[in-house]
Amino acid sequence: MLETIWFLLWGVLWAVYFMLDGFDLGLGTLMPVVAKTDTERRLVYHVMGPFWDCNEVWLITAGGVTFAAFPTTYATMFSGLYSALMLILFALIVRGVSFAFRDEVNSPRWKCVWDTCLVVGSFLPALLLGVAFANIFHGLPIDKDGIYQGTLFTLLNPYGLAGGILFVLLFLVHGALWLAVKTSGDLHDRAAKLLPKLWAALLVMAVLFLLASLRATFLYDNYFANPALFLILAVTVAALVMIRVYIAKASWWRAWFASSLTIVGTTLFGVVGLYPKLLPSSIDPAFSLTAFNSSSSPLTLKIMLAVALTFVPIVIAYQAWVHHVFRHKSGEEDLEHEEGY
Amino acid sequence: MKTKDAVSPIAASQVGTTLAAFIVVYALLGAVAFYLIAKHVRRGPEPVRGEG
């Protein structure tokens, strides 16, 4: 029971991380397309500035929970996916620094260096997180000792890459919606004009991914065994459609929430399909790491549950407060008082 | 438990690559940070703004 609770919390933490960091990873990737002038690029940084580091708290939490609740899974995941996770880490390092350094020197070349760090540092994590999760859905070559028998290039199979492209598109839509919510004028109009195209690409990719999952994974086994679970998929698809409806009505906040639900639903679709496996083995299903054979002791899980129930509401409360403080749209006048983040 | 018994099953070349990357990236970021600190120090404190 405790194992199942932590399995679900593990999935929810990843889902919330993708939902939150998704908008700033997507917007960072999109910046060169939507922001033409230096002022516009500064505004793009400005609308992510107060939030991006709060969002990445959830990545640390998701990683920490994997370590504390399922140490065997953590060992296999972080050793097996070592190169991919290190690439994500370095991308996030240079991306984080770009927020602090970009406006410190007033030279186009200096700014271009940090803008490049932001774009690459946003795109790579989006792509590689998608590649990593699609490969987890598909199964990793894990032997009987829980050791990963592959390389970085094992992960770059067609299904893995499809997952990467799906994540990039999910985050691009999410980021463009965030820009539409938080700005007005040219930036807002460009985001609004781009959104129907991005959404159409996302729809095509989502359909392809769901069909490919039928062939490349065993995710649907849980769903066919318990058809009520198809509700998760139905809600996710409905949310995806509602994004387009709200874009057409120019209801940007609602479209952003529909996009949030789409990202959470996509993640949970995979996680629920995996249950009880955290890392399926593509060599032999018996070698898979599950919520039961890779978990910590029941006492650890109980203590962690008490800690999580105490601190997660505090984290949610302060992050909600940040969103409340910075609830207004940003314009050029906001840049005058900027002290940097 | 000795270090050699606890080490992860990762190729030495992979660990070497990331170690080198950490050294290079942090040396560069450190150099940039020192440059910016020096720049701020030379410019001196900004006049107090508003009600201060």
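The structure is a predicted model, in which local features need pLDDT of at least 70, side-chain atom pairs count only at pLDDT 80 or more, and totals for chains, interfaces and linings use all residues. Residues are numbered from 1 along each chain as its sequence is written, while chains are lettered from A and ligands numbered from 1 in the order in which they are written.

Chain B contains 2 helices and 0 strands, where helices (H or I, at least four residues) and strands (E, at least two) are DSSP runs numbered from the N terminus. Its radius of gyration is 21 Å, whereas a compact globule of 52 residues would have a value near 10 Å; the radius is taken over C-alpha atoms, and the globule rule is 2.2 Å times the number of residues to the power 0.38. Along the principal axes, the C-alpha atoms of chain B fill a box of roughly 60 × 20 × 15 Å. Of the 52 residues of chain B, 0% count as buried (20 or more other C-beta atoms within 10 Å of the residue's own, with C-beta atoms placed from the backbone).

At the interface, 10 residues of chain B are in contact with 10 residues of chain A, contact requiring C-beta atoms, placed from the backbone, to lie within 7 Å. The chain B side comprises 7 nonpolar, 3 polar and no charged residues. Here Ala, Val, Leu, Ile, Met, Phe, Trp, Tyr, Cys and Pro count as nonpolar, Asp, Glu, Lys and Arg as charged, and the others, Gly among them, as polar.

Within chain A, the axes of helix 1 (residues 2–34) and helix 12 (residues 298–325) come within 10 Å and cross at roughly 45°. Axes are lines fitted to C-alpha atoms over the stretch in contact, and angles run from 0 to 180 degrees between N-to-C directions. Helix 1 and helix 12 of chain A are therefore oblique to each other (angles under 35 degrees count as roughly parallel, over 145 as roughly antiparallel, 65 to 115 as roughly perpendicular and the rest as oblique). Residues of helix 1 in this contact include Trp6(A) and Leu9(A), and those of helix 12 include Lys302(A) and Leu305(A). By class, the contact has 8 nonpolar, no polar and 1 charged residues.

The axes of helix 7 (residues 158–182) and helix 11 (residues 252–274) of chain A come within 9 Å and cross at roughly 155°, which makes the two helices roughly antiparallel. Their contact has 11 nonpolar, 4 polar and no charged residues.

Definitions and conventions:
Two residues are in contact if their C-beta atoms, placed from the backbone, lie within 7 Å. A residue is buried if 20 or more other C-beta atoms lie within 10 Å of its own, exposed if 12 or fewer, and partly exposed in between; C-beta atoms are placed from the backbone.
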